Amino acid sequence: MLSQSDDRVSTGAGIGLRLPPIAEIVATLPPAPWLEIHPENFLANPHATELLLAARRHYPVSIHTVGVSIGSAGGIDRSHLRRVRSLVDMVDPFLVSGHLAWSTHAGEYLNDLLPLPYDEETLDLLTSHIDEVQEALGRPYLLENPSSYVGFGASTMTEVEFLGELVSRTGCRLLCDVSNVYLSAQNMGYDAHRYIDGLPAKAIGELHLGGFTPEGHEAQPGTELLVDTHATAVAEAAWDLYAYALGRFGSKPTLIEWDNDIPPLATLLAQAARADEIATGALAQEVRCAAAG
């Protein structure tokens, strides 16, 4: 029986417990309100798991899966899902999330999060897979909006409509990656604020912020394609959109994602502190507007 959403909510901006800084985090216990892990980094790494459990004694933890591949036509890898469940039972995270994407084919795991057409066939497939994942984990699963570079001519609904329908059919929740919204809006030519406005606010359980890298657009020389590299600081435009998202969704646990070219721990904490500062200002503005209205 699927339990309802975990009432424990870790507020403030957390950082990722990635393998390069894990020993330093465990040794120094920096002032982060919570940590996020990718379970795939720990399932076959006993030493890293020991360090994770040491960190868990001091911090709430969120689990963000990168290998569940909720959109794979071949179905969910149940062996992998059982391994994730074992780590969930060990860590007792306050949230478990993953991507609106697919990354496996014929038993092979790909190092990419690949896009899906937004139509009824895909909706039926994902509804079945989300139900299976939530039942296996015994808790709601948060879906993250993807970073987009191409669209499908076969799509019959927008991404926002698709996500809303998944929430309605499965009871899943959503992880709004604000940087992905900005990046995809720039790449695909839509309005990022309208995207935020279209999401079901009550379903939002977490926010992400990560860096992206501009690259030349082969199909359109002279223009840039934004690539979700998680290898740089959060862009100013994404910070602005974050403030807007907070006005729409209210206070949510927010993760600073930095998975490649990971900087010193102090840099990650500074990015998290900026997220907290923006959140404080945005929410105070909402209170003033409500009082004046």
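1. Basis of the values. Because the model is predicted, local features need pLDDT of at least 70 and side-chain atom pairs count only at pLDDT 80 or more, while totals for chains, interfaces and linings use all residues. Residues are numbered from 1 along each chain as its sequence is written, and side-chain values use heavy atoms, with hydrogens and water left out.

2. The cores. A nonpolar core is a set of buried Ala, Val, Leu, Ile, Met, Phe, Trp, Tyr and Cys residues joined through side-chain atoms within 4.5 Å; buried means under 20% relative accessible area, exposed over 50%, and partly exposed in between (1.4 Å probe, protein chains only). The largest nonpolar core has 76 residues, and those touching the most other members are Ile-70, Leu-100, Leu-143, Leu-166, Cys-176, Leu-199 and Tyr-242. Another core, of 6 residues, lies apart from it and includes Trp-34, Phe-94, Leu-95 and Leu-142.

3. Helix α3. Helices (H or I, at least four residues) and strands (E, at least two) are DSSP runs, numbered from the N terminus. Helix α3, residues 78–91, has 14 residues and reaches 20 Å from its first C-alpha to its last, close to the 20 Å expected at 1.5 Å a residue; the expected span is 1.5 Å times one less than the number of residues. The buried residues in α3 are His-80, Leu-81, Val-84, Leu-87, Val-88 and Val-91. They cover an arc of only 120 degrees around the axis, so they lie on the same side of α3; the arc is that of the directions from the helix axis to the C-beta atoms. Arg-78 and Arg-82, on the other side of α3, are exposed. Among the elements covering the buried residues of α3 are β2, α2, β3, β4, β6 and α4.

4. Ends of α3. At the N-terminal end, Asp-77 caps α3, with a side-chain oxygen 3.1 Å from the backbone nitrogen of Ser-79. After α3 comes Asp-92, whose phi is positive, near 50 degrees.

5. Helix α5. Helix α5, residues 159–170, has 12 residues and reaches 16 Å from its first C-alpha to its last, close to the 16 Å expected at 1.5 Å a residue. Its buried residues are Glu-159, Val-160, Phe-162, Leu-163, Leu-166, Val-167 and Thr-170. They cover an arc of only 165 degrees around the axis, which puts them on the same side of α5. Cover for the buried residues of α5 includes α4, β7, β8 and α7. Gly-171 follows α5, with a positive phi near 75 degrees.

6. Thr-127 is in helix α4 (residues 120–137) and is buried, at 13% relative accessible area. Not counting residues up to four places away in sequence, Thr-127 touches Leu-166, Arg-169 and Thr-170; contact means heavy atoms within 4.5 Å.

7. The cysteines. The structure holds 0 disulfides, a disulfide being a pair of cysteine sulfur atoms within 2.5 Å. The sulfur of Cys-172 is 14 Å from the closest cysteine sulfur, in Cys-176, and therefore too far for a bond. Cys-172 is buried at 2% relative accessible area, and Cys-176 counts as buried at 1% relative accessibility.

8. Ala-101. This residue is in the loop between β4 and β5, and Ala-101 is buried, with a relative accessible area of 5%. Not counting residues up to four places away in sequence, Ala-101 touches Ser-69, Ile-70, Gly-71, Leu-113, Leu-114 and Leu-116.

Terms used. Polar contact = N/O pair within 3.5 Å; in protein donor to acceptor, adjacent residues only side chain to side chain.
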